[in-house]
Each structure stands twice: as structure tokens, then as C-alpha cells.
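Have a look at the structure first, and then read on.

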Amino acid sequence: MKPKTEQQLRAISRHFRPLLQDGTRPVEFIGRIAAEVPDLLRHGMRGRDFRYYLDLCGVQALPIVLLICLLMGMVMAINGQIQLSKFGQELLVADAVGLVVVKELGPLMVALVMTGWAGSAFAAEIGTMKLDEQICALETMGIRPESFLVFPKLSAMLLSMPLLTIFGNVAGILGGMLVGITIMKITPVAYWTRTLEAINITTFVLGVLKSFPFAILVTFAGCFCGFNAANNSQGVGRGATKAVVSSIFLIVVADVIITVLYSFIGY
Amino acid sequence: MTKKNKPEIEVKDLTIGYGKNVVLENLNFQVESGEIFCILGGSGCGKSTLLKHIIGLYAPLYGDILIKGNSIVNADEQRRRKIMREFGVTYQGGALFSSMTVAENIALPLEEYTNLSEEEIEKTVEEKLHMVDLDGFGDYMPSELSGGMSKRAGLARALALDPKLLFFDEPSAGLDPITSAELDRLLLRLRDTFGATIVVVTHELDSVFAIANRVIMLDKQTKSIMAEGSPVLLRDTSPNEKVRAFLNRDGLKSDVAEELRITEVP
């Protein structure tokens with residue numbers, strides 16, 4: 001009986017060991033990057049790389065972010081109008097769209113767009129570099145690939161995502177306003193006044209602040225999946241997919257945690 | 001009596017592999033200063049894996065590797081990176097950073113590890129490009145280069161910090177005979193003009209006989225070194241039949257002879 005139990009325990013441990021190793025790898029990855037922060041502060045990073053990623057994650061992503069947030073604002077306003085018209089309170093659509101966009105939808109939609117736009121690109125880029133032995137080349141030059149490749153991306157994301165969120169929020173509100181003006185025949189001034197009454201600067205700032213942890217999660221998930229992609233073309237593809245799926249999951253989990261924390265301070 | 005120079009590389013009781021799977025075991029050899037040393041063997045015998053252990057990318061299962069007397073196996077992260085800066089590596093496909101131009105690739109180690117001004121870096125880059133016959137290609141992106149040019153550009157980057165020790169992983173693979181011969185000439189020039197020590201992983205015999213001072217031949221079955229010495233001597237006098245067959249391409253010759261016999265019209 002005893003040997004059988006031992007055998008079963010060993011089988012279970014064999015099954016869980018890889019999972020445990022998978023779980024420790026992201027922690028090790030973050031640790032390796034964190035260890036390089038003092039060096040980064042002393043020497044800075046390559047400006048050229050930073051500018052490239054700022055262009056990719058900021059300037060190039062802006063049109064799609066604006067479009068998606070505008071459309072989401074319109075969708076919300078149309079749905080809100082259907083429900084609120086039953087109570088003769090169409091004007092409250094401005095409050096609902098403003099609050100939901102600024103508190104939740106704006107930061108979340110921008111993060112999700114950036115997951116597909118930047119997170120997958122980071123994973124595919126690093127995965128291909130690994131496949132082409134570019135990562136090995138960096139190492140044998142004495143350069144730590146983790147910090148060399150992650151810091152410019154992370155800095156660009158930390159700068160561009162809050163800005164994109166601000167633009168996204170404005171686009172979302174304008175989307176709602178467009179529906180208010182054209183379908184609900186609300187005057188632009190009335191809609192804008194209601195929106196400003198519903199949201200205040202603290203709500204706006206707290207919403208934008210969410211984009212910092214989201215930027216960190218998208219960058220880390222993308223880079224981690226790239227570094228851990230298998231050394232073949234399918235592996236690179238799977239790495240990009242994993243980056244997107246894990247980013248979305250992490251963003252939603254982080255959003256829940258942040259929302260709960262915000263609820264403690266009454267927002 | 002002159003004191004013998006310290007070997008550039010010493011491999012001691014080295015066992016390498018992935019996890020529990022041993023690829024090569026109990027390897028002992030030295031690479032002397034100023035020689036071209038080739039690591040030979042059939043496909044899948046662990047040549048490239050051995051190279052990646054020597055340059056410190058992988059940790060061995062057992063044993064030690066000394067580069068200029070310093071253990072790359074037991075060194076801490078900082079020290080290991082310092083040792084790595086003392087040599088240059090050229091990878092199979094060139095491994096140029098695809099987001100940078102050729103000139104930016106070559107400039108990278110100079111920007112990271114020297115205090116040279118922008119003009120001095122530019123001048124050094126031009127010098128290195130000239131060394132590998134790529135004058136005027138500095139502004140090209142790696143995707144615009146042919147296979148042979150990528151390898152030469154990779155070599156120029158490896159030469160950026162003027163290392164006296166160079167590693168090449170399959171330099172002739174996928175190249176036409178003329179480009180391959182040009183690369184061989186370049187390696188000989190690096191050895192003879194700059195006194196570089198060069199370690200080459202290859203199975204291109206023409207290249208081996210043209211450039212190698214000494215070779216080791218790895219055996220997949222015994223997971224060890226099958227032969228060590230001058231390629232010409234090994235080809236002509238090795239007691240090991242497998243070694244002679246490899247270096248004489250005997251397998252290919254007998255296959256061709258057999259084929260000829262079959263197709264011969266009586």
C-alpha cells in the first residue's frame with residue numbers, strides 16, 4: 001500500500017513540477033529586469049530604440065484607439081438611449097457614457113487595443129530575434145538581452161498609454177455626443193454640460209492612472225512570451241498568441257483589483 | 001628556452017547536454033594562441049552545442065572551460081559578461097539586429113563599451129566594413145543583404161572591439177564556393193595579419209583543409225572526441241577508419257562508384 005501511495009505522490013509531483021517551473025519563470029524574468037534598473041538609471045537607454053517604440057505604441061496606435069473608443073461611445077449611447085427613454089431620462093445618457101468611459105471603458109479599451117497592437121508585436125519581435133540567434137549575439141556581446149530589449153518598450157508604453165487613454169476618453173465621450181446630437185436631438189452644449197457635471201478631475205485622473213499598470217502588464221507579458229517562445233516559426237506564432245491572451249487575462253484581473261481598491265476611497 | 005604561451009581556450013573534462021540527455025562527455029582539448037581550430041563532425045553530433053558552451057551561452061553538466069585562463073563556467077554574471085567582451089562570435093545566419101542598419105549593428109558594441117566620439121565610431125565602422133569587403137553597405141538594412149554579405153557583416157560586428165579570439169558557427173554553410181573561398185581567405189588574413197585565434201565549427205571539408213591548423217572530430221555514437229590533430233595528417237595517417245572516411249569523403253565516393261556500377265550498360 002505504502003509504495004503505491006508513494007508512487008502516486010511521485011506521479012502527482014511529476015505532473016505539477018513543470019507547472020511550478022512555469023510559474024517561477026515570470027518571477028525570475030521580472031527579477032532579472034528589476035536587477036538592471038540601477039544600471040539603466042546610471043547609463044540611460046538607447047534613445048533611438050525609445051523613439052522607435054514611442055512612434056509604434058503612440059503615434060501609430062492613435063488612429064485605431066480613437067476609432068474604437070469613438071465607436072464604443074456610440075454603442076453605449078445608443079443602448080443607454082433605448083433603456084433611459086423608457087423613463088423619459090434620455091439626457092442621463094451623457095452622464096452614463098461619460099462616467100463609464102472615463103472610469104472603465106476608456107482605459108480598458110486602450111489596454112486591449114495595445115495588447116493586440118504592441119504586446120503581440122513585442123512577442124513576435126523578440127521570438128524572431130531568438131530564432132535568428134540575435135539574442136545569443138547580444139549575450140555574447142556582454143549585453144543583457146532582457147534589459148536591452150525591454151526597457152525602451154516599457155518606457156514608450158508608460159509614456160504613450162496614459163496619453164492614448166486621455167485621447168480615447170475624449171473620443172468615447174464624443175462618440176456618445178454624436179449619438180446624442182443626431183438621434184436624441186440633444187444640443188451639444190446640454191450634452192457637454194451634463195458630461196462635465198457627471199465626471200470630475202479626480203475620476204478622470206484615477207481612470208488614466210489605471211493605464212500605468214496596464215502598460216507594464218502588456219509589455220511584460222509580450223516580452224516574456226517572446227523570450228520563452230519555442231525556436232521555430234510556429235513557436236513565434238504561439239508566443240504572440242500567448243502574449244495577447246495572457247495580457248487580456250492580466251489586464252482584467254488588474255482592473256478588478258484596482259476597481260476594488262478605488263471603491264475603498266469612494267470612486 | 002622560451003616559455004610556452006598559455007592556451008587561449010582550455011576545455012577540461014567537459015560533459016554537455018540538455019537536462020538528462022548527454023550530448024558529449026568527458027571532452028578535453030586546448031586551443032593554442034594564433035591558430036585556426038576547427039570542430040568537425042557529422043550533423044547532429046553536437047558541434048554547435050559545444051561552441052555555445054565554450055562561449056558561455058549554455059552551462060555544462062560537468063567540467064570547466066577556461067578562456068585565457070579565466071573560467072567562463074564558474075564566473076558570476078558580471079565576470080562572465082566581461083569575459084564575453086574579449087571575444088567575437090559570428091553566427092550561422094549573421095544574427096544581425098534586424099531593426100538596425102549594418103553600420104548601427106557594428107557601432108553597437110563600440111557605443112556600449114568605449115568612450116569613442118561619434119566621428120571615431122563612424123571611422124571604425126568604415127574600417128571594419130572595409131576589412132570584410134562591404135564598403136558602402138553601412139546604410140543597408142540586414143534584410144537587404146545576401147547570405148554571404150550578412151555573414152561578413154556579422155563578422156565585421158564581431159571584430160568591432162578588435163578581439164584576439166573569434167568564434168565562427170558554420171561560416172560556409174549555404175554559401176556558393178566562391179563566396180566560401182573568400183571567407184576562408186578573410187579568416188587566414190585575420191590570423192596572419194592580426195594574430196587572431198579562430199575557432200570554427202564546420203563540416204565543409206574544402207574549408208577545413210584550406211584554413212585549419214588543427215581539428216577535433218566529434219563522434220555522435222561515443223559522444224566524445226574521435227580524433228585530434230592536423231587535418232591533412234589525420235586524413236592520411238589516422239588509425240581510425242571513420243576519421244579517414246570522413247576526411248576523404250569515402251562514403252560519398254563509394255556511393256558514387258556503386259551508382260556508376262549499377263547504371264553501367266554491359
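In chain A, helix α4 (residues 62-84) packs with helix α7 (residues 145-182) at an angle of about 40°, their axes being 7 Å apart. Because angles under 35 degrees count as roughly parallel, over 145 as roughly antiparallel, 65 to 115 as roughly perpendicular and the rest as oblique, α4(A) is oblique to α7(A). Axes here are lines fitted to C-alpha atoms, for helices over the stretch in contact, with angles running from 0 to 180 degrees between N-to-C directions. Helices (H or I, at least four residues) and strands (E, at least two) are DSSP runs, numbered from the N terminus. The contact of α4(A) with α7(A) involves 18 nonpolar, seven polar and no charged residues. In this scheme Ala, Val, Leu, Ile, Met, Phe, Trp, Tyr, Cys and Pro count as nonpolar, Asp, Glu, Lys and Arg as charged, and the others, Gly among them, as polar.

A word on the basis: this is a predicted model, in which local features need pLDDT of at least 70, side-chain atom pairs count only at pLDDT 80 or more, and totals for chains, interfaces and linings use all residues. Residues are numbered from 1 along each chain as its sequence is written, while chains are lettered from A and ligands numbered from 1 in the order in which they are written.

Chain B holds an open sheet of four strands in the order β2-β1-β4-β5, with antiparallel pairing. Its edge strands, β2 (21-31) and β5 (70-71) of chain B, each pair on one side only. Helix α1 (residues 47-54) of chain B packs on this sheet and touches β1, β2 and β4 (62-67) of chain B, its direction making about 120° with that of β1(B). Two residues are in contact if their C-beta atoms, placed from the backbone, lie within 7 Å.

| Strands | Sense | Bridges |
|---|---|---|
| β1(B) and β2(B) | antiparallel | seven bridges |
| β3(B) and β9(B) | parallel | four bridges |
| β9(B) and β10(B) | antiparallel | five bridges |

Gly17(B) stands opposite Val22(B) in β2(B), and Leu40(B) faces Met217(B) in β9(B). Leu218(B) has Ile225(B) in β10(B) as its bridge partner. Four residues lie between β9(B) and β10(B) in their hairpin, and Lys223(B) in the turn has a positive phi of about 55°.

Finally, the contact between the chains takes ten residues from chain A and 14 residues from chain B. On the chain A side, these are four nonpolar, three polar and three charged.

Methods:
Pairing = 2+ DSSP bridges.
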